[in-house]
Amino acid sequence: MFKINIDKECGCFRKSAYENGMSFDSKDDALIQAQSMVNHMNTKFCGKHEFALTENGQEFNIIMGQPQQESHSGCCGGGHCS
């Protein structure tokens, strides 16, 4: 049995049709679903978080982190460069 776990459920996840702890008989099915979820969460959710997929034995874990901010012309964004 292969399982997809979400480490932290943000508001967007709780409002979505996804479930935490989904189980699959096939590793391939679990991996395809987990990759699809990560892609959807990164492109369709609000953008406050970035999601990544890790594998640990029979578990696929979707972890939440902060999105990387884009740098603009070498400025750190602290307001003192201009």
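This note sets out the fold of a predicted model, point by point.

1. Overall composition. The secondary structure of the chain consists of 2 helices and 4 strands. Read from the N terminus, these elements follow the order β-α-β-α-β-β. Of the 82 residues in the chain, 23% are buried. Among contacts in the chain with a separation of 6 or more, 39% are between residues 24 or more positions apart.

2. The strands form an open sheet of 4 strands in the order 2-1-4-3, and the pairing is mixed. Strand 2 (22-24) and strand 3 (50-56) are the edge strands, each of which pairs on one side only. From one strand to the next, the twist averages 20°.

3. Pairing of strand 1. Strand 1 (residues 2-6) pairs with strand 2 in the antiparallel sense, over 3 bridges. Within this pairing, Lys 3 has Ser 23 of strand 2 as its bridge partner. Strand 1 is also joined to strand 4, here by 4 bridges, and these two strands run parallel. Asn 5 stands opposite Asn 61 of strand 4.

4. Pairing of strand 3 and strand 4. Strand 3 and strand 4 run antiparallel and are joined by 7 bridges. Two of the bridge partners in strand 4 may be named: Phe 60 for Glu 55, and Ile 63 for Ala 52. The hairpin made by these strands has 2 residues between them, and Gly 57 in this hairpin takes a positive phi near 65°.

5. Helix 2 and the sheet. Helix 2 has 18 residues; from its first C-alpha to its last it reaches 25 Å, close to the 26 Å expected at 1.5 Å a residue. Helix 2 (residues 27-44) packs on the sheet and touches strand 1, strand 2, strand 3 and strand 4 (59-65). The direction of helix 2 makes about 165° with that of strand 3.

6. The two sides of helix 2. The buried residues in helix 2 are Ala 30, Ala 34, Met 37, Val 38 and Met 41. These residues lie on the same side of helix 2 because they cover an arc of only 95° around the axis. In general, an α-helix has 3.6 residues a turn, so residues three or four places apart point the same way. The buried residues of helix 2 pack against helix 1 (11-15) as well as strand 1, strand 2, strand 3 and strand 4. On the other side of helix 2, the exposed residues are Asp 28, Ile 32, Asn 39, Thr 43 and Lys 44.

7. Asn 61, a polar residue position in strand 4. Asn 61 is found in strand 4. Its relative accessibility is 17%, so Asn 61 counts as buried, the cut-off being under 20%. Leaving aside neighbours within four places in sequence, Asn 61 is in contact with Asn 5, Ala 52, Leu 53, Thr 54 and Asn 56. Asn 5, one of these contacts, is the residue that stands opposite Asn 61.

8. Asp 7 is placed in the loop between strand 1 and helix 1. With a relative accessible area of 41%, Asp 7 is partly exposed. Asp 7 and Ile 62 are 55 residues apart along the chain, and their C-alpha atoms are separated by 6.2 Å. Not counting residues up to four places away in sequence, Asp 7 touches Ile 62, Ile 63 and Met 64.

9. Gln 66, after strand 4. Gln 66 is found in the segment that comes after strand 4. The relative accessible area of Gln 66 is 61%, and this residue is therefore exposed, the cut-off being over 50%. Gln 66 and His 49 are 17 residues apart in sequence, whereas their C-alpha atoms are 4.8 Å apart in space. With residues up to four places away in sequence not counted, Gln 66 touches Lys 48, His 49 and Glu 50.

Notes. Residues numbered from 1 in each chain as written. Predicted model: local features only at pLDDT ≥ 70, side-chain atom pairs only at ≥ 80, totals over all residues. Heavy atoms only, no water. Pairing = 2+ DSSP bridges. Axes fitted to C-alpha atoms, helices over the stretch in contact; angles between N-to-C directions. Contact = heavy atoms within 4.5 Å. Buried < 20%, exposed > 50% of the residue type's maximum accessible area, 1.4 Å probe, protein only. Expected span 1.5 Å × (residues − 1). Arc of directions from axis to C-beta.
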